[in-house]
Number of protein chains: 2
Amino acid sequence: MARRLNVAVCQTGPIARAESRADVVARLIALLETAAAGGAELAVFPEMALTTFFPRWDLTDPDEIRAFYEREMPGPDTAPLFAAARRLKVGFALGYCESVVEDGRERRFNTMVLAGRDGAVIGRYRKMHVPGSEAPEEGVTVHLERRYFEPGNLGFPVFSFEGVRIGMAICNDRRWPETYRMLCLNGAEMVLIGYNTPLLLTETPRLAHLRMFHNHLPMQAGAYQNTVWIAAAAKAGVEEGQALIGGSCIIAPSGEIVALANSLGDEVIVHRADLAMNEDCAKAGFDFARYRRPDEYALIAQAAGPRRPATAG
Amino acid sequence: MARRLNVAVCQTGPIARAESRADVVARLIALLETAAAGGAELAVFPEMALTTFFPRWDLTDPDEIRAFYEREMPGPDTAPLFAAARRLKVGFALGYCESVVEDGRERRFNTMVLAGRDGAVIGRYRKMHVPGSEAPEEGVTVHLERRYFEPGNLGFPVFSFEGVRIGMAICNDRRWPETYRMLCLNGAEMVLIGYNTPLLLTETPRLAHLRMFHNHLPMQAGAYQNTVWIAAAAKAGVEEGQALIGGSCIIAPSGEIVALANSLGDEVIVHRADLAMNEDCAKAGFDFARYRRPDEYALIAQAAGPRRPATAG
């Protein structure tokens, strides 16, 4: 029996600071309806798909900050999206800002929730690689994710969605090869990714023209090297004066981009993913159990950064 | 002070089974002279640059097999190459088949030796990821590297070459993200790679058109994700009836291919690598010590292959 999953990427255009949750959720439902009309069984929305990308600002008002986070998922504002999923029979992954009481205190994570075709929550992922800084730094584009979010504490989980093993990753996670490898070793066949990626980084002018290349390169390599499908959704366009790249895409386990958004607005792309492709690609040299050398990779799980200088010579 | 290293990739065309070591070494010396004329300080030759790629054959005659290996490096046949390095003041990395007595027995490795601008040996690397099989397998292109070579036992060492930290990798190693990450964590600034890659794999027809893409993709991602330079040399062209891809290249830490061979024969490409580029690229989000989560990557160093089925859901 051919195993296939019809997956949609629901890219969104910018979300204004003043846009209400109700208005945003209505946009997401419209995208989910388009995905359903295209035959999708599963859709992925961007990182922080309910709000503007506020880590671009050095905010200090606690109430203003608090308003960006969800305390329940689904909650009153987001329940209509879960109801739409049930009605349309399309599951989804949704990036949002999570506030939760754990260990007796409020904790904040950059999170993605996975919901089934019945609109029930299947599981959550919390962004493991949180970029940026706690406070503005001289000469560096303001990006205060590490003020607003803790690094994730749920590892790299894999969930069954209609019998397909699904992992999730969020924005900066996609740049690190360990993300895909951990999900692969946990059994993932498909990785859903959401991102908000500024077009301009003032600190690296000679890399400025490479933002889209650096978006696709690690995802294509991650798909190829781990023989997984990837479906990645951008929040795109000029949001509160900051340009975000698009380039939402679906990538086969061959590393090929098989579907690509070509706008900077709300847009849906769909692909009927053939899960036999994973095995075909594994046959092209990626028999992990036979060829990998885990005993030789200890440093990857021990040292955060490079040991310098050289070990010999 | 600007740190730069002029690096050359010396691609070779096919090497016939009957070609003598003396003839091959003469070809390599001619390439090294071209590299020197282009200002190179360091040159990289392909994997198994002294012989034909014999793992394509199911050989049984011990004497015939033995003749492909070097027992000394430099030895009588290869000493002229080291002398040329000293004369030209160009160091090199050379892939060859190594036979060595270790642990009281003969052991065989797919090895690359690094020599300095004075022609002296700096260090060696032994291929860690040995692909193929011990015996021919039904429906799979014959590739018996695992009969002819043990997996390497020297880890992922990094050596100082004129103050630049150099790692090496061989052919299939370049497909595994752990190779680049281990070299990066060991302090590498530049990775030298040699390869012999058949154009056709009969077992994966729907990937057949992607051989060059799958050559460059993991190397470009490896350069980008580890902020290292890569210089990669193919043995190319139709060798004993088997087509090998070319595509030798030099890749910047941005992942950009900055020099590319465009023949399938003996060819030299040179690039003056700016080692400040490594730091520039690291600034674009790759502060490893700050953002990596080694404690969360344990499985990478524990499990060879995927755990299935899904862990949850």
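**Ground rules.** I'm working with a predicted model, where local features need pLDDT of at least 70, side-chain atom pairs count only at pLDDT 80 or more, and totals for chains, interfaces and linings use all residues. Residues are numbered from 1 along each chain as its sequence is written, chains are lettered from A and ligands numbered from 1 in the order in which they are written, and side-chain values use heavy atoms, with hydrogens and water left out.

I looked up how the two chains relate.

**The interface.** I found 83 residues of chain A in contact with 83 residues of chain B (contact means heavy atoms within 4.5 Å). The buried area between them is about 7400 Å², with 58% of it from carbon and sulfur atoms; this is the accessible area, taken with a 1.4 Å probe, that two parts lose on being put together, summed over both.

Next came salt bridges, where a side-chain nitrogen of Lys or Arg is within 4 Å of a carboxyl oxygen of Asp or Glu. I got ten between chain A and chain B. One salt bridge joins B:Arg290 to A:Glu137, with the closest N and O atoms 2.8 Å apart. On chain A's side, helix 6 of chain A gives the largest share of the residues touching chain B, namely eight (helices are DSSP runs of H or I, at least four residues, and strands are runs of E, at least two, numbered from the N terminus).

**B:Tyr96.** I found B:Tyr96 in strand 3 of chain B, residues 91–102. Is B:Tyr96 buried or exposed? B:Tyr96 counts as buried because its relative accessibility is 3% (buried is under 20% relative accessible area, exposed over 50%, partly exposed in between, with a 1.4 Å probe and protein chains only). Beyond its neighbours within four places in sequence, B:Tyr96 has contacts including B:Met48, B:Phe109 and B:Arg124.

**B:Arg146.** I placed B:Arg146 in helix 4 of chain B, residues 145–148. Setting aside neighbours within four places in sequence, its contacts include A:Arg290 and A:Tyr291, along with B:Pro131 and B:Glu134.
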